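Here is a short report for a reader who is new to this structure. Please look over the sequence and the model, then read on.

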Amino acid sequence: MNPVKVGLLGLGTVGGGTLNVLTRNAAEIARRVGRGIRITHAAAKAYDADSLLGLDQVEVCDDAFAVVDNPEVQIIVELIGGYSPAKELVLKAIENGKHVVTANKALIAMHGNEIFEAAQRKGVTVAFEAAVAGGIPIIKAVREGLAANRIEWLAGIINGTGNFILTEMRDKGRDFDDVLKEAQALGYAEADPTFDVEGIDAAHKLAILGSIAFGIPLQFDKTYTEGITRIERQDVEYANQFGYRIKHLGIARKTDKGVELRVHPTLIPERRLIANVDGVMNAVLVQGDAVGPTLYYGAGAGAEPTASAVVADIVDIVRALTTDPENRVPHLAFQPGELADLPILPMEQVETAYYLRIQVEDKPGVVARIAGILGEAGISIEAIQQKEPAEGESLVPLVMLSHRVVEGQMNQAIAQIEALDSVSGQVMRIRVEQLDA
Ligand code: HSE
């Protein structure tokens, strides 16, 4: 059988990795698929020819639309990133009846509903394994491997840069800015690092995971997003003393009232496996009603780990080329007509436990006033500690863990605490999750 012809848009880190993996492992992949897969055309403005394998077999141009319009090409692999022209290219490829593979999480999270609808109409597939957690086959696992389950919740470390920063702050007592610079130099950070540290990149990925877990449309705009920029070294240390680690998690949970989609720093018990996922590594913990908890771990970024996911998607598409569109795995795991219109809960209605750090005057009655406010709000304290003041400081940090409470109630209590004369500045509040079955 003739090899399948693939057009590659972008020959940067992931594009180069994809060409290299497909070239190096061509024979092994052909043994799996039953035919060859060849990148015959590529579009790139600039690339490092010396680092690319099999480039002599590829017709390279700088016009991505020319590749998308080339009638020889059956599958388009979009690895340019960003919204535009990626969106126009993907929609044009679909219009031309080509299947698409993309690693573009921002594009899928923001425009996936429109893109999948167009693909459905045309009977083509848009595959996006590499968009979430790089090389970890998490889309495949949730969409196919766990298809028997009602997914109850999932929680993921899905931004390597953020995880690297928090790990270095904990292990080496380094400062936030210093570690961010290193992550950028290592090539893990997004072009705009605020996407990493403010949780936007993780929210893109979480919107996708939540959608395929619960069979709901993609709703990035309703995903609560909070970054790690306010986390201080002392919080990392106090969390440790309580037996917790601070991780930047994306959490999707189905409740009786609706779906929670939230990205924020979170204290999790240090004994959980996922609490020990360090450095740039990613991990996703998924709780299914039949299987219980399952954990997926691996590299969330980098040339060949991400290429591993891209190439797996190409393999899937090639295997299903002769399958009727209605018999293929649906884009969002559930049949398009079966997507549920469940409400996404506003953060005020979400229930979690909390870590609070309050800067207080060290004098009689202060702890009692704060405990009184929490008690009146129906908030139960699990643990409380007064720490030593920093050198030359008269204020002392009071740190505590609460039991679970609805966020709206906690917000009101925090406002009252901040209004006390004996309390200085804002209360540091970090949510706590046990992540148990
Ligand atoms: N900037 C992302 C990260 C790259 O740090 O995880 C992979 O999406």
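## Salt bridges and a helix pair

Arg170 is buried, with 19% relative accessible area. That value comes from a predicted model, as do the others here. Burial means under 20% relative accessible area, so Arg170 falls within that class. Its neighbour in the pair is Asp171. Asp171 is partly exposed, at a relative accessible area of 48%. The two form a salt bridge, and their closest N and O atoms are 2.9 Å apart.

Side chains of opposite charge can pair when their charged atoms come close. How many salt bridges does the structure hold? The count is 31. Three of these pairs are set out below.

| Pair | Closest N to O distance |
|---|---|
| Arg170 and Asp171 | 2.9 Å |
| Arg357 and Glu232 | 3.8 Å |

Take the second pair. Arg357 forms a salt bridge with Glu232. Arg357 sits in strand β13, residues 351-361, while Glu232 sits in the loop between β8 (224-225) and α11 (233-241), so the bridge ties together parts that are 125 residues apart in sequence. Are these two residues buried or partly exposed? Arg357 is buried, with a relative accessible area of 6%. Glu232 is partly exposed, at 38%.

Salt bridges with shared partners join Arg253, Glu260, Arg262, Glu351, Arg404 and Glu433 into one network.

Helix α7 covers residues 160-172, and Asn163 lies in it. At 1% relative accessibility, Asn163 counts as buried. What does Asn163 touch, leaving aside residues up to four places away in sequence? Its contacts are Ile157, Lys247, Val277, Asp278, Gly279 and Met281.

Met169 is in helix α7 as well. Met169 is buried too, with a relative accessible area of 4%. Beyond residues up to four places away in sequence, Met169 touches Arg174, Phe176, Ile231, Glu232 and Arg233. One of these contacts, Glu232, is the salt-bridge partner of Arg357. Gly408 is 239 residues from Met169 along the chain, and the C-alpha atoms of the two are separated by 30 Å.

## How α5 meets α10

Now turn to a pair of helices. Helix α5 spans residues 105-122, and helix α10 spans residues 200-214. They pack at an angle of about 55 degrees, and their axes are 9 Å apart. That angle makes α5 oblique to α10. The crossing of α5 past α10 is left-handed.

Which residues make the contact between α5 and α10? From α5 come Lys105, Ala106, Ile108 and Ala109. From α10 come Asp201, His204, Lys205, Ala207 and Ile208. By class, the contact has 5 nonpolar, 1 polar and 3 charged residues.

Key
Residues are numbered from 1 along each chain as its sequence is written. This is a predicted model: local features need pLDDT of at least 70, side-chain atom pairs count only at pLDDT 80 or more; totals for chains, interfaces and linings use all residues. Side-chain values use heavy atoms; hydrogens and water are left out. Axes are lines fitted to C-alpha atoms, for helices over the stretch in contact, and angles run from 0 to 180 degrees between N-to-C directions. Helices (H or I, at least four residues) and strands (E, at least two) are DSSP runs, numbered from the N terminus. Angles under 35 degrees count as roughly parallel, over 145 as roughly antiparallel, 65 to 115 as roughly perpendicular and the rest as oblique. A crossing is left-handed if the near helix is turned anticlockwise from the far one by less than a right angle, and right-handed if clockwise. Contact means heavy atoms within 4.5 Å. Ala, Val, Leu, Ile, Met, Phe, Trp, Tyr, Cys and Pro count as nonpolar, Asp, Glu, Lys and Arg as charged, and the others, Gly among them, as polar. A salt bridge is a side-chain nitrogen of Lys or Arg within 4 Å of a carboxyl oxygen of Asp or Glu. Buried means under 20% relative accessible area, exposed over 50%, partly exposed in between (1.4 Å probe, protein chains only).
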